[in-house]
Amino acid sequence: MSPVLGTITGTSAPVTDARGRILPGQNPFSPGSSRARPGTGPLARRPVRLALGLLLPAVLLVVWQLVTSAGLVAPYQLPSPASVWTAAVDLAERGLLGQYVAISTQRVLLGFLIGAALGLAVGSVVGLSRLAGALLEPLLGAVRAVPSLAWVPLLILWMKIGEESKLTLIAIGAFFPVYTTVVAALRHVDPQLVEAGRAYGLRGARLLGAVQLPAAVPSVVAGLRLALAQSWLFLVAAELIASSMGLGFLLMDSGNNGRVDRMLLAIVLLAGLGKLTDGLIGLAERLLSRRWG
């Protein structure tokens, strides 16, 4: 076994093997050189957690079926799960359901990527520069308070009714959660980590990429999750902009036509897609934790 070189006392030098390779989990710029050991017991097993996560939705589905079967609620107010499934099959056979899902997902992901990238860039500048914070924070704080629907007529005026206006609105929704969390996270990075990075000759963008952002990974990921959820919320407002396709359009068109079964279908699909994309962010979090853990 190769000998291991210990950490130099009073510094943040990395723990390496005889060949000078940094050992996993020993990044000197991470807020903690060792990883917490995973928990033990049944809840540490992924199948058990998955089963528990599906338990409550299954109970709600059963209660929904029982309530509608017993006639406790009128069908025009709450259709049965079978009616919602029939509506889904009908739309799928007509080739509409897949199109609606694909178009809405594309809009959300593109708007999220644009907004998150801008939020990360602007948040990094504001979080690291007092001058930028003094200049930008008051304005951005005021803009953040503007409701999503308030942007719709202005975006129609500026960008007409094409995809650009929809993507812009979703990007606005994704921008602020990332911006806010990045600013707060960078301002609370351990100063000792920053000093260690400077001792290794890191400055500016290199210091940000190698030390400060990795130290802020948990907060940044939390901001990305909030931004993605906000993107799905802004999708419905975005598809108010003269849209003829998408789940937001399906939701509003069904409401106008009294198709409660399709309304519930749209809500279920939005919830499922939101959870699926949130799971992708969770996967990215685990990969980043391995990279900078």
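This is a predicted model: local features need pLDDT of at least 70, side-chain atom pairs count only at pLDDT 80 or more; totals for chains, interfaces and linings use all residues.
Residues are numbered from 1 along each chain as its sequence is written, and side-chain values use heavy atoms, with hydrogens and water left out.

The angle between helix α3 (residues 97-128) and helix α8 (residues 204-215) is about 85°, and their axes lie 13 Å apart; axes are lines fitted to C-alpha atoms, for helices over the stretch in contact, and angles run from 0 to 180 degrees between N-to-C directions. Leu 120, Ser 124 and Leu 128 of α3 meet Leu 208, Gln 212 and Leu 213 of α8, where contact means heavy atoms within 4.5 Å. By class, this contact has four nonpolar, two polar and no charged residues, with Ala, Val, Leu, Ile, Met, Phe, Trp, Tyr, Cys and Pro counted as nonpolar, Asp, Glu, Lys and Arg as charged, and the others, Gly among them, as polar.

The chain as a whole contains 11 helices and zero strands, helices being DSSP runs of H or I with at least four residues and strands runs of E with at least two, numbered from the N terminus. Of its 293 residues, 37% count as buried, that is, under 20% relative accessible area with a 1.4 Å probe and protein chains only. Among contacts between residues at least 6 apart in sequence, 67% join residues at least 24 apart.

UniProt, in an unreviewed entry, places the feature "transmembrane region" at seven spans, among them residues 50-74 and 264-284; such annotations may be inferred rather than shown by experiment. The table describes these two spans in the model.

| Span | End C-alpha separation | Helix content | Strand content |
|---|---|---|---|
| Residues 50-74 | 34 Å | 80% helix | 0% strand |
| Residues 264-284 | 30 Å | 100% helix | 0% strand |

Ile 170 is found in helix α6 (residues 163-187) and is buried, with a relative accessible area of 0%. Leaving aside residues up to four places away in sequence, Ile 170 touches Arg 107, Val 108, Gly 111, Phe 112, Ser 231, Phe 234, Leu 235 and Ala 238. Glu 239 lies 69 residues from Ile 170 along the chain, and the C-alpha atoms of the two are separated by 10.0 Å.

Terms used:
Buried means under 20% relative accessible area, exposed over 50%, partly exposed in between (1.4 Å probe, protein chains only).
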